[in-house]
Structures are given as C-alpha cells and as structure tokens.
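The structure is shown first.

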Amino acid sequence: MSAGTALTTPVRGRLDAGGYLIALTGIVRRELLRFFNQKERFFSALVRPLVWLFIFAAGFRNTLGLSITPPYETYVLYEVYVVPGLAVMIQLFNGMQSSLSMVYDREVGSMRVLLTSPYPRWSLLFAKLIAGVIVSLIQAYVFLAIASFFETDIPWTGYLVALPAFLASGLMLGAIGLFLSSLVRQLENFASVMNFVIFPMFFASSALYPLWRVNESSATLYWICQVNPFTHAVELVRFALYGAFNPVSCAVVVGTGLAFFVMAVAAYDPGRGLLARRGGPAGEAG
C-alpha cells in the first residue's frame, strides 16, 4: 500500500461513534447495577417525598389549598400542589448523591481509570450525567405511581408529556452536582457542601409553597425563589404534568444545565481546571 493510499484510508479507532456508545453503555450499566444492588438507596429516595406527602401535606391540607393558578384550572388541595416539587426533589437528591459517588470514583474507583483514557472528558462526564438522570427518572416515576393512588389529579397523559421536562431538570441538577464534585477533594467535605446547596435550593423554591404566597410574606425571599433554578425545574415539570408548557422555566433549566456542564468539563480539565490546581485525581499525572 502506498503512502498516499494509507493517508486517505479511514481508520476505525476506539474513538469512533461505536466506541463512544460502548463507553456510554458501560457507564450507564454500571450506574444501574449499583442502583439496583443498593436497595436501601431506592427506598431512602422515596421516604423523604412520601413522608412530606402523607404526613405534612395531610396536616396542611385545609390551610394551604391553592386558588386557580396556572397550570391548575380549579382549586387544588395542598397535596396536589406539592407532588411535582417532591418528584423533582428526588432528582435533586439523586443528582447530589451521584456527584458524591463521583468524588469517590474519581479518587479510587472506576472513573479514576476512565478519566485517564483517550476519550474526551466531556463525553465521560456526559455519560455519567446520563446515567444519573436515568436512575432519577426511575425513582421519580415510582414516586408518582404511588402518589397517584392518593387523588393527586394528574392526568395519565401528563406522565408521558412530563418525560422531557424530567429529563431536562435531571440534566440540570446533575450538572450542578457534577460541578460541585469538582470543587471537593475528599468525601467527608462533600456532605457539608450538599447541605449548603440542597436545602436552600429546595426550601427557597416553589416546590412547597406558591410564589405569590411567599411574596405576601417576604419580597426578598420571593426574588430569591425567582432566580433559583430549582424553582424553574419544578415549574417546568408541574406545567408538563398537566399538558402545559412554561417557556421561561424551560429556558432557565436548559441554560443553567448547559452552563454548569461546561463549567464541570472545564473544572475536570487536567491542564487548566480546578482539579489541575489541586494536583488532579489521585494517581493522575498533571
């Protein structure tokens, strides 16, 4: 074979489309196996929203009912209102838990090897993100299935229509967690970071209370809720469950997700990211 022919002949290497698919499938499969082998993780993810729905919502049922506000077309009870926020809360906790596993895997687990492979880091991080979203979707829809037995008034078509909204919110929350994982060097430090992120995001949002009620008590808290990306994730899912579309929330969720994913990719760059300034993952040169 001549030199010219060799230069023009395509070479199928490990970094072709098939290789990327194999890497994605492997990471997703590993995350699913970990999830199904850790049954306590599944049940613990359901305990928090179910406790709020069946205990707190029952107590607030007659005092925190909602008037007719979009996407609702009639007066709704409090437990009907909180279901979308509690479903997205599952995704929030799962995103942070997935990032916690990323801190471990980056240091002594499988991601330590994968991050030194020829694959671009953005593809590995995106595969990790997709794996976490799939797990969160399973948990969120199981919660919705349980909640449907308690008169939550969600139309059956809403579960299908809401799937893209759950995907977008899961990707955004997972990207935030992925970026936070790049800031933390040791596992014991990640718990404190989670507390400073999860609870302010959840409680300073429209997940538990409508924003017009928040505005009645505190204009400052109202504006904090308005700029909180978790609020827009909740509203995107809430509208989708009732067959409606919230363009503002969609723009915020997609834009925030992209921004944090780009920052996570930059932070995991061994040459110029945050890990580079910390010496990189354990055992990694540079």
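Leaving aside neighbours within four places in sequence, Glu-235 is in contact with Tyr-81, Ser-206, Asn-246 and Ser-249, where contact means heavy atoms within 4.5 Å. The model is predicted: local features need pLDDT of at least 70, side-chain atom pairs count only at pLDDT 80 or more, and totals for chains, interfaces and linings use all residues. Residues are numbered from 1 along each chain as its sequence is written, and side-chain values use heavy atoms, with hydrogens and water left out.

Glu-235 sits in helix H12 (residues 229–241); helices are DSSP runs (H or I) of at least four residues, numbered from the N terminus. The relative accessibility of Glu-235 is 15%, so this residue counts as buried (buried means under 20% relative accessible area, with a 1.4 Å probe and protein chains only).

Side chains of opposite charge can pair when their charged atoms come close. How many salt bridges does a search of the whole structure find? There are two, a salt bridge being a side-chain nitrogen of Lys or Arg within 4 Å of a carboxyl oxygen of Asp or Glu.

| Salt bridge | N to O distance |
|---|---|
| Glu-31 and Lys-128 | 3.2 Å |
| Glu-235 and Arg-238 | 3.2 Å |

Glu-31 belongs to helix H2 (residues 17–37) and Lys-128 to helix H6 (residues 121–147), so their pair ties together parts that are 97 residues apart in sequence. Both Glu-31 and Lys-128 are buried.

Glu-235 and Arg-238 are three residues apart in helix H12, and therefore separated by about one helical turn. Both of these residues, Glu-235 and Arg-238, are buried.

Conventions: Helix = DSSP H or I, 4+ residues; strand = E, 2+ residues; numbered from the N terminus. Buried < 20%, exposed > 50% of the residue type's maximum accessible area, 1.4 Å probe, protein only.
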